Amino acid sequence: MNKKIIVAVDGTAGSGKTATFNAVAQKIGYEFIDTGLMYRAFTLLCIESKIDFSNKEQIIDTLNIFDFSVKNGKPYLNGKEVEKRIQENDIVEFINYVTPIPEVRKFMIKAQRAMVTGGGYIEIGRDITTVVLPDADLKIYLDSSVEARAERRFKQNKRLGIKNNNFEEIKNSIINRDEQDFKNGLKKVEDAWLIDNSNIPIQDVVNMVIDKIKELEGK
Ligand SMILES: Nc1ncnc2c1ncn2[C@@H]1O[C@H](COP(=O)(O)OP(=O)(O)OP(=O)(O)O)[C@@H](O)[C@H]1O
Ligand SMILES: Nc1ccn([C@@H]2O[C@H](COP(=O)(O)O)[C@@H](O)[C@H]2O)c(=O)n1
C-alpha cells in the first residue's frame, strides 16, 4: 500500500492554487487546506467588528473572538458560512493591514500546522513551504504572469457575480498583494518545484502534480 504524503504549496495571488490543488486533492482523496481563507475570514471579522485598521492592538485583540472552521469544503466564521462574502473586494482592500502583524501570523501558523496530522494533506498559502510545513514531502511554488492572473480573476468574478468587477483594479490589486506577500516572506525555496502555469491549461497542471505525488507515494 503506497504511503500518502504531505504537499505544501505557495504561490502568487490568483496563480491558480485553489482551483488546481482542490482538484488534485479531490482526485486522489487528499484533504485540501486553503490557508488564505483563514486570513480572509479574519479580515472580515475585523471589518464586522468595525475596528480601526491602523490600530494593530485592535486587530490583535480581535483574535480572541475569531472562530474559523471548514465544513463540507465551505469556510465558517463564528458559525456563519462566508464562502462568497470573503471573496468580495473590501476583504482585499483591508487584508494587507492584517497579514504583516506577527501576532496574527503566529496565531494562524499554529492553527494551520495543527490541521496537518500526517500524510494525505495538501495545504496552500504563502508561507507553507517556508514556515508552516518546511518538512513537507513535496513543495510546490505556483506562479503565472500578472496579465494571466488578472484576466482569470476578472472572468472568475464575472462568473461569481462579484460586484465592481474592473480589470485594471484587479491587476493593481494583484500587484499590491504580490508586493505585500513578498514582504511577508513569500518566496520559492530551493527544494520547491516551480510551476509557471501562464500558458498551461489547468487540467495539464493537475495531471502533472498527480503524477509527481504518485511517484513520491511509491518511494
Ligand atoms: N492553468 C490555468 N489556466 C487558466 N486558468 C486557470 C489556471 N489555473 C487556475 N485558473 C483560474 O484562475 C482563477 C484564479 O484561480 P484560484 O482562485 O485558484 O487562484 P489562487 O491562487 O487560489 O488565488 P488567491 O491567491 O487569490 O486565493 C480561477 O478562475 C481559476 O479557475
Ligand atoms: N498562508 C497565507 C495565506 C494567505 N495569506 C494572505 O492572505 C491573503 C488572501 O489569501 P488568498 O490565498 O485567498 O489570496 C493573501 O493575499 C495573503 O496576503 C498569507 O499571508 N499567508
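Predicted model: local features only at pLDDT ≥ 70, side-chain atom pairs only at ≥ 80, totals over all residues.
Colleague: What makes the chain agree with a compact globule?

Modeller: With 219 residues, a compact globule would have a radius of gyration near 17 Å. The chain has 17 Å, so the value agrees with the rule. Its C-alpha atoms fill a box of roughly 50 × 35 × 35 Å along the principal axes.

Colleague: Nice! How many helices and strands does the chain have?

Modeller: There are 9 helices and 8 strands. Take the contacts between residues at least 6 apart in sequence: 74% of them join residues at least 24 apart.

Colleague: Why is glycine 11 called buried?

Modeller: Let's set the value against the cut-off. Buried means under 20% relative accessible area. Glycine 11 has 0%, so it counts as buried. Across the chain, 47% of the 219 residues count as buried.

Colleague: Where does glycine 11 lie, and which residues is it in contact with?

Modeller: Glycine 11 is part of strand β1, which covers residues 6–11. Leaving aside neighbours within four places in sequence, its contacts are Lys17, Gly125, Arg126, Tyr141, Leu142 and Leu186. For a contact, heavy atoms have to be within 4.5 Å.

Colleague: How do you know that glycine 11 belongs to a "binding site"?

Modeller: That comes from a record: an unreviewed UniProt entry gives this annotation to Gly11, Thr12, Ala13, Gly14, Ser15, Gly16, Lys17, Thr18 and Ala19. Such annotations may be inferred rather than shown by experiment. One of these residues, glycine 16, is found in the loop between β1 and α1.

How values were computed: Residues numbered from 1 in each chain as written. Chains lettered and ligands numbered in written order. Heavy atoms only, no water. Helix = DSSP H or I, 4+ residues; strand = E, 2+ residues; numbered from the N terminus. Rg over C-alpha atoms; globule rule 2.2 N^0.38 Å. Buried < 20%, exposed > 50% of the residue type's maximum accessible area, 1.4 Å probe, protein only.
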